[in-house]
Amino acid sequence: IISQTDRPGVVAHITKVLSEREVNIAFMRLFRESKGEIAYTIVESDGKLPENIVPAIRENPNIHEVMIVQM
């Protein structure tokens, strides 16, 4: 679960980081509070995420929080 500023390229950054680490996206949902404000990305993957993925996702300055839920 990622909270970010609603800006072009943020979702592309998230999917690029996942792709580079060979994470397959099973489900992805995006929503925002209002244009240009806070937005949220929820990603479900097929497997466990690599341990170093959070810092890589946070490299984008428009990303505020990243929460990993492993089940």
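1. Met 67 lies in the segment after β4 (63-66). In this predicted model, Met 67 has a relative accessible area of 47%. The residue is therefore classed as partly exposed, since that class covers values between the 20% limit for buried and the 50% limit for exposed.

2. Met 67 also belongs to a nonpolar surface patch, together with Ile 1, Val 69 and Met 71. The area of this patch is about 500 Å². Met 67 can contribute because patch residues need over 30% relative accessible area, and its value is 47%.

3. The sheet is open and has four strands, in the order β2-β3-β1-β4, with antiparallel pairing. β2 (25-32) and β4 form the edges, each pairing on one side only. From one strand to the next, the twist averages 15°.

4. How many bridges join β2 and β3? Seven bridges link β2 to strand β3 (residues 38-45), in the antiparallel sense. Within this part of the sheet, Ile 25 stands opposite Ser 45 in β3.

5. Phe 27 is located in strand β2. With a relative accessible area of 43%, Phe 27 is partly exposed. Leaving aside residues up to four places away in sequence, Phe 27 touches Ile 42, Val 43 and Glu 44. Between Phe 27 and Ser 45 the C-alpha to C-alpha distance is 6.9 Å, with a sequence separation of 18 residues.

Notes: Residues numbered from 1 in each chain as written. Predicted model: local features only at pLDDT ≥ 70, side-chain atom pairs only at ≥ 80, totals over all residues. Heavy atoms only, no water. Patch = residues over 30% accessible without salt bridge, like charges linked within 9 Å, V, L, I, M, F, W, Y side chains within 5 Å. Areas by Shrake-Rupley, 256 points an atom, 1.4 Å probe, with all protein chains shown as cover. Salt bridge = Lys/Arg side-chain N within 4 Å of Asp/Glu carboxyl O. Helix = DSSP H or I, 4+ residues; strand = E, 2+ residues; numbered from the N terminus. Buried < 20%, exposed > 50% of the residue type's maximum accessible area, 1.4 Å probe, protein only. Pairing = 2+ DSSP bridges. Axes fitted to C-alpha atoms, helices over the stretch in contact; angles between N-to-C directions. Contact = heavy atoms within 4.5 Å.
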